[in-house]
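Please consult the sequence and the structure while reading.

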Amino acid sequence: MLHGFNVTAAALLGQGGESEVYALDGGRVLRVYKHGAPVAYLERRRAFYALLRERRPPFEVPDVLEAGTAGDRYYTVERRMAGRDFAAVLPGLEGAERERALASYLHIAGQIGALSFPERPFGEILAPGEPLQRDSWPAYLWDRLQRTLAHSRPDLEQDVPRLEALLAHVRYELRALEGFAERRLVHGDYFPGNVYIDDDLRVCGVGDFGYTTVVGDPRMDLAGAVVFLEVVDGYRPEDTPFLVRLLAEQHGPGIAPWVALYRLYYALYFSGCKLDDPYTYAWCVRSLQAQVIGDRS
């Protein structure tokens, strides 16, 4: 495939769990998906990006110019996103520049949640298989966790003390969301590696909407912006209180319990990665253990 596009391995820009991205020229990239990527899922995501662009969000989203298959691999040719990978920029930022970039990063997390989908049920938009959707937001969250725990429970039972008590705590906390009616866009994996930043240190683009993307509570991405930063190279412990303070200034002190709840949710949601991504799994365990320790104190 690379030969067909006259691309060499030296043009690799980055890679993730789903695909590898290569530079074609100054304005386009080639995204090559891994073996076995479900074509229906990828086509659904392509259509969703077109829908997002119609909504004119205050940030750039991927624009798929061409799609096809070569052998058993699916590929897309996409317009090259403006700006630079925030995960690559963040480690070198200091002082006021770092705070300005993080403030923009948090602001755009909130802008994602400004996009409303009142006609859709709560739950998944782009899942590879049949999307999990429910009429109730807490029902979706709980059922989604049960699907993850069907695979990750044996690992968590070894690594997280009092797991059943913790799960009972999460279910109790979800009761506070009964009657939640807002149906907003949630990226679900909003962290610097999916964000593009310009030379003025303002976030200008968001990519990789995918299987984590749902219709639900926009506070999820605000929480994700804070807690996912902890797994990024270049994270510094002082980043968390800075973002938490900004959240409280912008949304009031009542936002803090939701950050705590969605931290637990995400730690459970991503807990099926012990073998594939032990670094992220270790973050999941730390986040869950911190709640257990907090209960004991």
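## Strand pairing

Strand S3 (residues 28-33) pairs with strand S5 (residues 73-79) in the antiparallel sense, over five bridges. Two strands count as paired if DSSP finds at least two bridges between them; strands are DSSP runs of E with at least two residues, helices are runs of H or I with at least four, and both are numbered from the N terminus. Thr 76 in S5 is the bridge partner of Arg 31.

The model is predicted: local features need pLDDT of at least 70 and side-chain atom pairs pLDDT 80 or more, whereas totals for chains, interfaces and linings use all residues. Residues are numbered from 1 along each chain as its sequence is written, and side-chain values use heavy atoms, without hydrogens and water.

## The sheet

The order S1-S2-S3-S5-S4 describes an open sheet of five strands with antiparallel pairing. Strands S1 (12-15) and S4 (64-70) stand at the edges with a single partner strand each, so one side of each has no neighbour in the sheet.

## Cavities

The count is three cavities of 30 Å³ or more. A cavity is a set of points on a 1 Å grid over the protein atoms alone where a 1.4 Å probe fits but cannot get out, and lining residues have an atom within 4 Å of a point. Grid points are joined across faces, edges and corners, and volume is the space filled by probe spheres set on the points.

The largest cavity has a volume of about 60 Å³. Its lining includes Tyr 140, Gly 188 and Met 220, and helix H8 (residues 256-269) gives the most to this lining, with three residues.

Notes:
1 Å grid on protein atoms, 1.4 Å probe; cavity = no way out; pocket = protein on both sides within 12 Å on 5 of 7 lines; lining within 4 Å.
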